[in-house]
Amino acid sequence: SNPDNMELCMNFALEAGFMSEEEKAGAEKMLAAIKKGIKPPSCQGKEECDVYCSQEEHLEECITFAEAAGFMSAEDAAMARKTGGKGPGDCKGKEECDIYCNQEEHFEECIAFAEAAGFMSAEDAEMARKTGGKGPGDCKGEEECRAFCDNPDNQETCFNFAKEHGLISEEELRTIEEGKQELQNALSQAPQ
């Protein structure tokens, strides 16, 4: 528990097989942060620290250290501060919350949480509800769906998806249909 001895103890634990490479990497991050003068949370070991850091009064202390030590990105730290360190279903961290929210039975809970926390606009939440959180070709997220629909092979799939989910206004739909009809007429009249 003495930071001056931590590196020696860490190497001993690794050589003796008491610590995995992954655990050593985490301990090295922690040691580097302590050497920079960043105070770690007042707990020892993963299990004790999980309990300690789940208590609201210790949240900021734990987030500050986790971010400074490189266990948490600035984005994840900001999200943890905003949500009290817990997501829908009390999930913790992006990976755990992604797993939780990718389960269909948690979809509405996750959309409502994201909207209430300000991670999603009301317009985006409504769009997610209309589409079930998935786009054409089961794409997820604006970037992935844009890439899918920018592929000419997928444009009809994307058009049909938008049409089925009411993402195109009636006026836009009529304009597109008229344009398709004009193109077909022009193609049928073109010399062969």
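The protein has a radius of gyration of 26 Å, whereas a compact globule of 192 residues would have one near 16 Å. The radius is taken over C-alpha atoms, and the globule rule is 2.2 Å times the number of residues to the power 0.38. The model is predicted: local features need pLDDT of at least 70, side-chain atom pairs count only at pLDDT 80 or more, and totals for chains, interfaces and linings use all residues. Residues are numbered from 1 along each chain as its sequence is written, and side-chain values use heavy atoms, with hydrogens and water left out.

Along its principal axes, the C-alpha trace spans about 85 × 40 × 30 Å. The accessible surface comes to about 13600 Å². Carbon and sulfur atoms account for 51% of that surface. Areas come from the Shrake-Rupley method with a 1.4 Å probe, and for residues only the protein chains shown count as cover. Of the 192 residues, 24% count as buried. Buried means under 20% relative accessible area, exposed over 50%, and partly exposed in between (1.4 Å probe, protein chains only).

The protein contains 11 helices and 0 strands. From the N terminus on, the elements run α-α-α-α-α-α-α-α-α-α-α. These assignments are DSSP runs, numbered from the N terminus: helices are H or I with at least four residues, strands E with at least two. Contacts were taken as heavy atoms within 4.5 Å. Among contacts between residues at least 6 apart in sequence, 32% join residues at least 24 apart.

The largest nonpolar core has 5 residues: M10, A13, M19, A27 and L31. Helices α1 (3-15) and α2 (21-35) are the elements that give two or more residues to this core. Such a core is a set of buried Ala, Val, Leu, Ile, Met, Phe, Trp, Tyr and Cys residues joined through side-chain atoms within 4.5 Å. Leaving aside neighbours within four places in sequence, M10 is in contact with M19, K24, A27, E28 and L31. Helix α2 also holds K35. K35 is exposed, at 59% relative accessibility. Between K35 and D4 there are 31 residues of sequence separation and 8.9 Å in space, C-alpha to C-alpha.

A search of the whole structure finds 1 aromatic pair. The ring centres of F12 and F18 are 6.2 Å apart and their planes lie at 55°, so the pair is tilted. Rings of Phe, Tyr and Trp (its six-membered ring) pair if their centres lie within 6.5 Å; planes under 30 degrees apart count as stacked, over 60 as edge-to-face and the rest as tilted. F12 and F18 are both exposed.

Disulfides were assigned next. A disulfide is a covalent bond between the sulfur atoms of two cysteines. Here the criterion is a pair of cysteine sulfur atoms within 2.5 Å. By this rule the count comes to 6 disulfides. With the bonded cysteines numbered in sequence order, the pairing is 1-2, 3-4, 5-6, 7-8, 9-10, 11-12.

Three of these links are described here. One joins C43 to C49, with an S to S distance of 2.0 Å. The torsion about this S-S bond is about 110°, so the disulfide of C43 and C49 is right-handed. Both C43 and C49 are buried. Another disulfide links C53 and C62, whose sulfur atoms are 1.9 Å apart. The C53 and C62 link has -80° about the S-S bond and is left-handed. C53 is partly exposed, with a relative accessible area of 21%, whereas C62 is buried at 9%. C139 and C145 form a further disulfide, with sulfur atoms 2.0 Å apart. At 105° about the S-S bond, the link of C139 and C145 is right-handed. C139 is buried, with a relative accessible area of 3%. C145 is also buried, at 16%.

C9 stands apart from this bonding. The sulfur of C9 is 16 Å from the closest cysteine sulfur, in C49, so the distance is too far for a bond. C9 counts as partly exposed, at 46% relative accessibility.

T131 is buried, with a relative accessible area of 14%. Setting aside its neighbours within four places in sequence, T131 is in contact with F161, H165 and L167.
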